[in-house]
Amino acid sequence: MAENISLYIATVPSERQKTYQEMGFNIFFHYGTNTFTGKEWGDGKASPAIFNPKNQNTDQWIETAKAAGAKGVILTCKHHDGFCLWPTETTEYSVKNSPYKNGKGDVVREVSDSCRKYGLKFGIYLSPWDRNSEYYGTPQYNDFYIRQLTELLTNYGEIFCVWLDGACGSYMDGKEKQVYDFERIYATVRKLQPNACISNCGPDIRWVGNEGGYARESEWNVVPDFQFDTQNIAAKSQQDEDGQKMQSLDCQAEDLGSRKVLEGHDHFIWYPSEVDVSIRPGWFYHKTQDHAIRSLKNLLHIYYTAVGGNSLLLLNVPPNKDGLLAKGDVKRMQEVGAALQNAFAKPVSVASVTADPAEDGFSPENCLEKDNTCYAPKAEAAQYNMELKFQAPAFMDKVVLKEQCDFSQRVEKFALYARLGDKEQKIYEGTVIGFKKIALFDAIKADGLRLKISECRSTPHLERLEVYEENGGVPKFSAFEQAVKRLNKNIRTFQTRIWEKQMKKKQEKQEQKAK
């Protein structure tokens with residue numbers, strides 16, 4: 001086995017990352033003064049008096065998230081405007097000076113309590129950018145931020161995720177550029193909530209690279225070392241013989257983990273991607289968008305390509321001015337949950353499983369068990385095969401595959417074949433499997449299934465191979481719809497990069513003026 005392959009497969013997830021990846025699907029709640037002003041980015045000048053939800057019911061939020069099949073929720077405890085949804089001791093710009101519950105309210109407390117009530121995990125978003133704080137743009141701001149983070153991590157029970165972003169718009173308010181002390185932020189989270197994942201601008205979960213719900217066809221968990229705070233691949237100290245930094249990759253690149261990309265690097269990390277997307281055009285609630293909710297078909301497509309494509313899904317569903325999720329959003333979320341429940345309600349019964357000779361203790365039958373055991377062949381080969389024989393013929397339209405990632409991510413190319421009698425037909429071809437792959441195909445009658453792995457980093461370690469009957473259908477997209485999706489993806493990527501260049505130029509001009 002090549003030395004570089006040994007390095008790749010030596011990279012495995014932490015326990016906190018495995019727990020997060022098992023969750024798969026979580027809900028984002030963007031909520032605050034922007035909900036009442038109609039803005040997406042507040043300027044920190046809106047009066048706390050504007051925050052006054054008359055019928056807030058966080059149980060309704062969490063019930064809806066659970067009905068959709070989500071395992072956890074993340075609340076924007078403070079967005080860029082600096083308004084805090086808990087009665088913090090660090091600033092007067094919080095719910096304690098709002099009419100909500102006569103200044104006695106604590107939205108963070110209510111959401112965390114509702115999560116415990118309904119069995120969902122609770123996470124926090126705390127924007128590093130703060131347009132209200134007098135300290136922003138000064139060295140004292142990092143102390144201020146850590147005090148806020150400490151309050152959230154010590155007063156609201158177990159936190160499963162701290163979601164960060166790197167937004168920094170100092171120039172918009174004529175302030176010096178704020179340099180965030182991310183290393184101190186990470187250390188604080190590790191100390192106070194050691195089981196919490198740090199997502200987006202953090203070392204545990206990375207941003208997929210867009211906010212349109214687009215996941216990569218091949219999503220790798222093993223990638224070159226990332227510069228977490230900027231979400232650009234860059235070796236922290238990797239240099240070539242001449243002392244020059246090695247070529248880095250953008251987090252928006254289509255390929256982040258193939259062998260070709262990994263060549264030339266010698267430090268790797270386990271860094272799964274998360275697809276964050278809103279159910280509406282905006283991240284905060286706007287009544288004018290009540291008729292612009294994503295369709296069930298679109299949301300299912302996002303789910304299957306994200307959660308079913310070795311990624312994570314964080315779906316934003318914003319509460320409205322009443323402190324409730326809008327009826328249309330609730331209905332759509334319930335539809336999502338029902339559709340997913342139906343889709344996986346009828347597993348095909350397997351009579352027997354055969355495969356290439358197995359390593360001791362790694363029998364192919366392990367793939368039929370819902371535990372952490374797995375199948376692994378005894379010796380490396382050009383390809384690997386596993387065959388399932390069903391109890392009876394069935395119409396199937398989806399297969400769930402999962403690698404045992406304690407042995408890293410290894411499969412690079414595979415195919416599925418439906419068998420009926422003595423006939424065999426290829427029904428699916430894919431690249432990576434990783435933590436979870438949901439292979440969708442047109443329903444076909446079969447009495448067996450063959451998995452062929454044709455490219456792999458050493459021997460595969462397959463934890464699960466599940467076949468499901470057609471039930472309720474899965475989203476099918478015409479060739480035209482697929483073309484439109486690809487075009488929109490390219491446009492969004494282009495627009496994002498143009499926007500980033502414009503912001504960089506504005507910031508440089510502002511910094512020059514300041515000098």
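Just after helix 4, Gly69 takes a positive phi of about 100°. Keep in mind that this is a predicted model.

Now back up into the helix itself. Helix 4 covers residues 58–68. Is helix 4 mostly covered or mostly open? Mostly covered: eight of its eleven residues are buried. Those are Thr58, Asp59, Gln60, Trp61, Ile62, Thr64, Ala65 and Ala68.

Next, strand 2. Cys77 sits in that strand. Cys77 has a relative accessible area of 0%, so it counts as buried. Who touches it? Set aside neighbours within four places in sequence. Then Cys77 is in contact with Phe83, Cys84, Leu85, Trp86, Val108, Ile124, Tyr125 and Leu152. Now take Phe29. Cys77 and Phe29 are 48 residues apart along the chain, and their C-alpha atoms are separated by 9.3 Å.

On to charges. Side chains of opposite charge can pair when their charged atoms come close. How many salt bridges are there in this model? The count comes to 30.

First on my list, Lys101 and Glu110. Their closest N and O atoms are 3.2 Å apart. Lys101 is partly exposed, at 47% relative accessible area. Glu110 is at 16%, and because buried means under 20%, Glu110 counts as buried.

Next, Asp329 and Arg280. Here the closest N and O atoms are 2.9 Å apart. Asp329 lies in helix 10, and Arg280 lies in the loop between strand 12 (273–278) and helix 9 (296–306), so the pair ties together parts that are 49 residues apart in sequence. Both Asp329 and Arg280 are buried. They also belong to a network of salt bridges, together with Lys287 and Asp290.

Then Glu429 and Lys426. Their side chains meet in a salt bridge, 3.2 Å from N to O. Glu429 is partly exposed, with a relative accessible area of 49%. Lys426 is partly exposed as well, at 42%.

Let me move to the strands. Strand 16 takes in residues 411–420. It is mostly covered, with seven of its ten residues buried. Which strands does strand 16 join? Strand 18 (residues 437–456) runs antiparallel to it, and eight bridges join the two. Within that pairing, Phe414 stands opposite Ile453. Strand 17 (residues 423–430) is also antiparallel to strand 16, with seven bridges. There, Ala418 has Gln425 as its bridge partner. Strands 16 and 17 form a hairpin with two residues between the strands. In that hairpin, Gly421 takes a positive phi near 65°.

Where is it? In the loop between strand 10 (249–250) and helix 8 (259–262). Is Ser258 buried or exposed? Its relative accessibility is 17%, so Ser258 counts as buried. Beyond its neighbours within four places in sequence, Ser258 is in contact with Trp220 and Arg457.

That is the tour. Thank you.

Key:
Residues numbered from 1 in each chain as written. Predicted model: local features only at pLDDT ≥ 70, side-chain atom pairs only at ≥ 80, totals over all residues. Heavy atoms only, no water. Buried < 20%, exposed > 50% of the residue type's maximum accessible area, 1.4 Å probe, protein only. Helix = DSSP H or I, 4+ residues; strand = E, 2+ residues; numbered from the N terminus. Contact = heavy atoms within 4.5 Å. Salt bridge = Lys/Arg side-chain N within 4 Å of Asp/Glu carboxyl O. Pairing = 2+ DSSP bridges.
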